[in-house]
Amino acid sequence: MAEVEIVSVPTRILTDKDDIVDIIEKYTKGRITENDVVSVAESVVAITQGRIVRPEDLEISTLAQFCCRFIPDQGSLASPHGMQALMNVEGQWRVAFALFVGFLGKIIGQNGLFYKLGGEQTALIDDVTGTMPPFDKHIVYGPKNPQGVVKCLKERLGCFGAVIADVNDLKRSRIVGATEGINGEKVAQLLIDNPFGNASQKTPIVIIKNFKQYQQV
């Protein structure tokens with residue numbers, strides 16, 4: 001059986017003028033087989049969809065300034081700007097309520113309620129420095145319709161599958177969208193060392209070679 005191999009694919013800087021499916025097709029041409037999975041960084045998908053905002057364009061509320069104090073320092077919502085960005089899309093009172101319930105949940109040993117109740121973007125927003133330059137000065141929302149994106153990628157590329165991954169240098173790896181039949185937990189584990197890079201590497205595409213055989217083991 002062929003061994004699984006992680007191949008990072010460098011690109012130029014991608015912007016909201018780019019179509020993510022066209023870009024991935026261009027940079028992976030001749031490199032993907034029917035046994036491979038193509039993975040793309042979720043923040044880059046969002047950037048090509050124009051799902052970004054500059055912190056200075058946000059009007060920070062007193063509620064956002066208060067709520068962000070209850071988020072661990074390493075979290076994207078720990079800044080007033082990150083919290084306000086979330087409130088702008090999910091609703092300020094929904095976010096505040098979720099934070100309150102999450103706090104009570106921790107007291108009784110039930111974790112993760114804030115992210116379950118606060119809305120889809122609660123776990124997806126990247127605050128400044130959370131993504132690749134030059135967009136490290138922006139707040140980046142999670143991608144729109146991730147399942148539609150990965151389905152289109154698989155159909156266009158003829159690969160075994162496609163995923164959108166949220167990975168960082170703190171050994172946090174999870175799958176935001178995956179085509180049918182893909183074991184997201186296995187993919188997330190393979191990407192745990194962040195082959196995308198979060199700095200100037202410009203490798204937002206990762207090919208997982210021979211994943212089909214690997215998943216079947």
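Strand E2, residues 37-41, is mostly covered: five of its five residues are buried. The model is a predicted one. Both faces of E2 are covered. Val-37, Ser-39 and Ala-41 lie on one side, Val-38 and Val-40 on the other, and all are buried.

Next, the partners. E2 pairs with strand E5 (residues 161-167) in the parallel sense, over five bridges. Ala-41 stands opposite Ala-165 in E5. Strand E7 (residues 205-209) runs antiparallel to E2, and four bridges join them. There, Val-40 has Ile-205 as its bridge partner.

Now the whole sheet. It is open and has five strands, in the order E1-E7-E2-E5-E6, with mixed pairing. Strands E1 (5-9) and E6 (173-178) stand at the edges; each has a single partner strand, so one side of each is left without a neighbour in the sheet. The twist averages 30° from one strand to the next. E1 and E7 run antiparallel, joined by five bridges. Ile-6 stands opposite Ile-208 in E7.

Helices come next. Helix H1 (residues 20-28) packs on the sheet and touches E1, E2 and E7. The direction of H1 makes about 55° with that of E7. Helix H7 (residues 146-157) lies across E2, E5 and E6, and runs at about 135° to E5.

One more helix, by sequence. Helix H2 covers residues 42-48 and includes Thr-48. The relative accessible area of Thr-48 is 8%, so Thr-48 counts as buried, the cut-off being under 20%. Leaving out residues up to four places away in sequence, Thr-48 touches Leu-14, Thr-15, Asp-16, Asp-18 and Ile-20.

How values were computed
Residues are numbered from 1 along each chain as its sequence is written. This is a predicted model: local features need pLDDT of at least 70, side-chain atom pairs count only at pLDDT 80 or more; totals for chains, interfaces and linings use all residues. Side-chain values use heavy atoms; hydrogens and water are left out. Buried means under 20% relative accessible area, exposed over 50%, partly exposed in between (1.4 Å probe, protein chains only). Helices (H or I, at least four residues) and strands (E, at least two) are DSSP runs, numbered from the N terminus. Two strands pair if DSSP finds at least two bridges between them. Contact means heavy atoms within 4.5 Å. Axes are lines fitted to C-alpha atoms, for helices over the stretch in contact, and angles run from 0 to 180 degrees between N-to-C directions.
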